[in-house]
Structure formats: C-alpha cells, structure tokens
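These are my notebook entries on one structure, kept in the order in which I looked things up. I begin with the overall make-up and then turn to single residues and pairs.

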Amino acid sequence: MIWLFLAVFFVFVALSSRHIYDFLADREWSTMPVVPEEVLARQKTHRYPYCVVWTPIPILSWICPLIGHTGIATSEGKIRDFAGSYYVAEDDMAFGAPTKVWRLSIEKVPGGRTAYDHGVREASLDYGGRVHNLFLDNCHSHVAKALNVMEYDGKSNWSVTKIGFHTFISGQYVNLQAWFRTWGPFWILLIALLLFFGIPWAIRLTEFQ
C-alpha cells in the first residue's frame, strides 16, 4: 500500500516539476516584449501581471503540497488576495511571496485590460466584506469570483476546484528555490516517516515471515 502511495505522489511531483520556470530567461510577458532587466525587476518585486499566484501554507502544504494560498495579480502585477475575514491584501500576500504562477491570457478576457482589472477590483471589493471560511469561502473563491466577473475564457462558472486544478496543472514555479519551498518540507516529512516507521515495519515483517 505504501508503494502505491509513493507512486501516486511521484506522478504528482513529475506533473508539477515540469513547470519549473525561470522568469529571468523570459523574453515575453503577456503580449508585450520585455528586456531581461525588466523581468528581473518584476521577479524581485513579485510582480506577475495577468497571473493567478500561489504560495504554500505552513503545515497544511507540508502535509499536502496540493493545498495552498492563492491570489490574483492586476494588469500591473499588484497581487490581491483574500487573506482573512473582511480583508483583501494588496502586494502583501499572506504566507509569503508566490512560488507558483498561472499565466492568464488577456486575449481570453472580453474587454481586454479594462475588463480584467474590473474583475479583480469587483472581486476584491466583494470579498473585503466577507468572513473567511477555510472550506466554504476562501482565497480560491476570491480568485474564482474575479474570473467569473471578467468572464475569463468565455466562462462564468469558475469554482474553487477549477482554480486549484488549473493552478496545479498550468502553474509555473518562479524558480527552483520556489519548487523546493513547496515540495521540500513534504519530502522531508515523508522520508522521516519512512525511516522511523516504514523501514522498521518492513524489517519486522521480514523477520516474521
């Protein structure tokens, strides 16, 4: 059973790792060409225009790296995230700087940049008056609301599940360090469990047989 569990997680890691991406090497951002110095400045200030951003949550993400905190950046790269009850932060993302980003395509937003920023603004105003609920109304819900308002990709039925799925499948780690920050604690915990429980159990099982 434990080997099946490990195999499944190796698949998850493989899927996620293929998107390790260094923005320093980027030559295009959104629809406009940028020079490397501008990309470097954006990385240092954590500005990722037209992106859904993700960062791990201590303890929760250590146990399951698929769980994390999300936000959405404006056309200028300012991050808005539903950080707590009656509070939507701006450029002060809860739980630290983003480790992963899901690039959105401005071409998929009817109305372009104006409609995009309107969606982010409306969702943030709405969630600034809501009580945060980890299971029912959370940071993923805030991002889903923004995409629904702007009708991203011609849809108005974005949900918590869809945001989580697309962030995991389509998201890109901002650099290698971000990947380790996301998956490192999980693998340390898993290896520790195997060393303290898995291997002794396997040895006892062998002796019993």
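How many helices and how many strands does the protein chain have? I count seven helices and eight strands in the protein chain, taking helices (H or I, at least four residues) and strands (E, at least two) as DSSP runs numbered from the N terminus.

**Ground rules.** I am working with a predicted model, in which local features need pLDDT of at least 70 and side-chain atom pairs count only at pLDDT 80 or more, while totals for chains, interfaces and linings use all residues. Residues are numbered from 1 along each chain as its sequence is written, and side-chain values use heavy atoms, with hydrogens and water left out.

**Whole chain.** I looked up burial and found that 42% of the 209 residues in the protein chain are buried, where buried means under 20% relative accessible area, exposed means over 50%, and partly exposed lies in between (1.4 Å probe, protein chains only). For contacts (heavy atoms within 4.5 Å), I noted that, of those in the protein chain with a separation of 6 or more, 65% are between residues 24 or more positions apart.

**Aspartate 81.** I then went to aspartate 81, which sits in strand β5, residues 79-84. What I did find is a polar contact of 2.7 Å between the side chains of aspartate 81 and histidine 69. A polar contact is a pair of N or O atoms within 3.5 Å; within protein, one must be able to donate a hydrogen and the other to accept it, and residues adjacent in sequence count only if both atoms are side-chain atoms. Leaving aside residues up to four places away in sequence, the residues that aspartate 81 touches include His69, Tyr87, Asp92, Met93 and His142.

**Salt bridges.** My search of the whole structure gave nine salt bridges, and I followed up several of them. Arginine 80, the neighbour of the previous entry, pairs with glutamate 90 at 3.6 Å, N to O. Because arginine 80 lies in strand β5 and glutamate 90 in strand β6 (residues 87-90), this pair ties together parts that are ten residues apart in sequence. Arginine 80 is buried at a relative accessible area of 17%, whereas glutamate 90 is partly exposed at 42%.

Lysine 145 and aspartate 126 form another salt bridge, with their closest N and O atoms 2.4 Å apart. Lysine 145 belongs to helix α5 and aspartate 126 to helix α4 (residues 112-127), so parts 19 residues apart in sequence are tied together by the pair. Both count as partly exposed, lysine 145 at 27% relative accessibility and aspartate 126 at 23%. I also noted that Glu76, Lys78, Arg113 and Asp117 are joined into one network by salt bridges that share partners; within this group, lysine 78 and glutamate 76 meet at 3.8 Å, N to O.

**Helices α5 and α6.** At what angle do the axes of α5 and α6 cross? The axes of α5 (residues 139-150) and α6 (residues 160-170) come within 8 Å and cross at roughly 95°, which means that α5 is roughly perpendicular to α6. The axes are lines fitted to C-alpha atoms, for helices over the stretch in contact, and angles run from 0 to 180 degrees between N-to-C directions; under 35 degrees counts as roughly parallel, over 145 as roughly antiparallel, 65 to 115 as roughly perpendicular and the rest as oblique. From α5, His140, Ser141, Val143, Ala144 and Leu147 meet Val160, Ile163 and Gly164 in α6.

**Loops.** Glutamate 151, in the loop between α5 and α6, has a positive phi of about 55° although it is not a glycine. Valine 109, in the loop between β7 (100-103) and α4, is buried at 5%.

Conventions
A salt bridge is a side-chain nitrogen of Lys or Arg within 4 Å of a carboxyl oxygen of Asp or Glu.
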